[in-house]
Amino acid sequence: MEVGAADFGRRLPNLRGRVRRAVFLAFDMEFTGLHSASPQNDKLSLFDSPVERYLKAKQSVQHFTVTQLGLAIFSNESSNKYVVHSYNFFLFPSTWGVTDVEFTLSASSIQFLSHYGFDYNKFLKDGIPYMNEAQEKILHQHLLEGNRKVSSALDRDVLKKAIDEVTCWIAAAEEEETMILQDLSGYQMLEVQLVLRQALQNVWTQPLGIKKVMVKKVNPQRRRLLENSPDDCCQKELILLSARGFTNLFQILVQAKKPLVGHNMLMDLMHLHDKFYKPLPESYEEFKRNIHNLFPVLIDTKTVTKSIWKKCQFPLGSSLLEVYTVLCSSNLNPKDSMCPEIALASDCSRYAEKKSPHEAGYDAFLCGSVLLKSAHLLLCTSTDGALEADPSFPQYLSVLAEYLNKVNVIRGGASSINFSGEDVPRHHPPLLVVHVRGWPGLNEKQIYQEFKALCRFDVRRLSKNQFLLLSSKFKEVRLVLREYKRHPHLRVSVYGHWRHSPGVNCLLQVSGVVALWSVLAFVLGGAP
């Protein structure tokens, strides 16, 4: 189900109720870009520690914005049946008051989403506003100072038409006479009222049902009385509520404390923090603490499926849709009658009829479905298929315990980030060291190009004439050791800390000098 700014406010109470009744929530995001190409932001590397990866990703998150957020609400209706309400929320940064956000577009990301049918008109024209706590504080201060100026993405033609209609009408209108403005959607109703009240001191406005605003001609005394009314929809608190937009739903998700499911969800979590909570902190550990406080139970389906595919003997798909297709295959547990039944709600049935990869709502539905099917496979494996009754969701959570709060890291020094403990180091093939002879001026890029034809290594300089090579595949390490055994300029060997570490070598050299001086002092001191 698609939700834009026009109908978000109307759907929010229903969303609140469904979130509270859910057993877990799955989500996915689409962005205007993934990785910043700025000179200050190095590419992702197997050498990256979790801290280094966070700082690299932080730059990208601050450059790009969220275009769409998908939320799949999984409710356990009966026994082992799950009903899913899946939503597509188009988002656009809030532009209320003094708030104005700059963001970058990545050409490849825009092209990628366009290929999969993303509607940029809905993103730009009907995107739900949102803001984090820092932006909300600025707007709140702005309102306290009495400035209600609105600088929004409202269609200028709509605003001009409303002002023209009221200006022509009010010249001949009698006091207490009213007129109705039609076809104003969502936040336009509030924006039009604020602009009219600021421009014309002898009018009063109030919403009238859906998509309508009533305008009344009043005298100055009556206007002052109405402005102080606690029921005025344009009070500061209600303006903040409207400007906060999607952040209201984010706060509902935080308060609900339901398990939150994603797929390769590190960037998604960083955007959640930055766009709806607080700007990302400099400290990696602070980021981890904040996310864990917001969402105490995280499940990354990439971490789960990457770990269990060998254990449960199914082919590992490269994309979320491929993993979902494999898990739905009748080849896995063909006679299992206790496998969870997943049904899309009637108002979200489009995904049952048509695949929509890289649409946030569809990918969120896939995430939750992959979680249930993976958990069921693990449970069957742990009990040798001897399930006595339909499994409950707490049973699934129990069997997933070792994967909770461990979010996958793509091509990094850690295999996952543990939001409730120590990070999990990645088990790499042996590190290689390249010693350069007779090839002056060689840099990391040239070393990378040299080995690129054979395999993919990440390169880091060790010393003036030495470079480290790190791969994710053992066969690539064996291949390079074999092919470069007799190279005239590059000697490749397995890295040894005591042999190759600059720190150790420096310490040995200093120790040698000290030992030599000690011997000389002893010899000279003991001479007659």
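Student: Is Tyr 484 buried or exposed?

Tutor: Happy to start there, keeping in mind that this model is predicted. The relative accessible area of Tyr 484 is 8%. Buried means under 20%, so Tyr 484 counts as buried.

Student: Which class of aromatic pair do Phe 451 and Tyr 484 form?

Tutor: Let's look at the two rings together. Their centres are 4.6 Å apart, with the planes at 35°. Planes under 30 degrees apart count as stacked and over 60 as edge-to-face, so the pair of Phe 451 and Tyr 484 is tilted.

Student: How many residues apart in sequence are the parts that Phe 451 and Tyr 484 tie together?

Tutor: Phe 451, buried at 1% relative accessibility, belongs to helix α18 (residues 444-452). Tyr 484 sits in the loop between α19 (474-483) and β17 (490-494). The pair therefore links parts whose separation in sequence is 33 residues.

Student: What kind of pair do Tyr 54 and Phe 287 make?

Tutor: Good one to compare with the cut-offs. A search of the whole structure gives 25 aromatic pairs. In the pair of Tyr 54 and Phe 287, the centres are 5.0 Å apart and the angle between the planes is 25°. Planes under 30 degrees apart count as stacked, so this pair is stacked.

Student: Which helices hold Tyr 54 and Phe 287?

Tutor: Both residues are buried. Their pair ties together parts 233 residues apart in sequence, because Tyr 54 is in helix α2 (residues 50-63) and Phe 287 is in helix α12 (residues 284-294). The helices are α2 and α12.

How values were computed:
Residues numbered from 1 in each chain as written. Predicted model: local features only at pLDDT ≥ 70, side-chain atom pairs only at ≥ 80, totals over all residues. Heavy atoms only, no water. Phe/Tyr/Trp six-rings, centres within 6.5 Å; stacked < 30°, edge-to-face > 60°. Helix = DSSP H or I, 4+ residues; strand = E, 2+ residues; numbered from the N terminus. Buried < 20%, exposed > 50% of the residue type's maximum accessible area, 1.4 Å probe, protein only.
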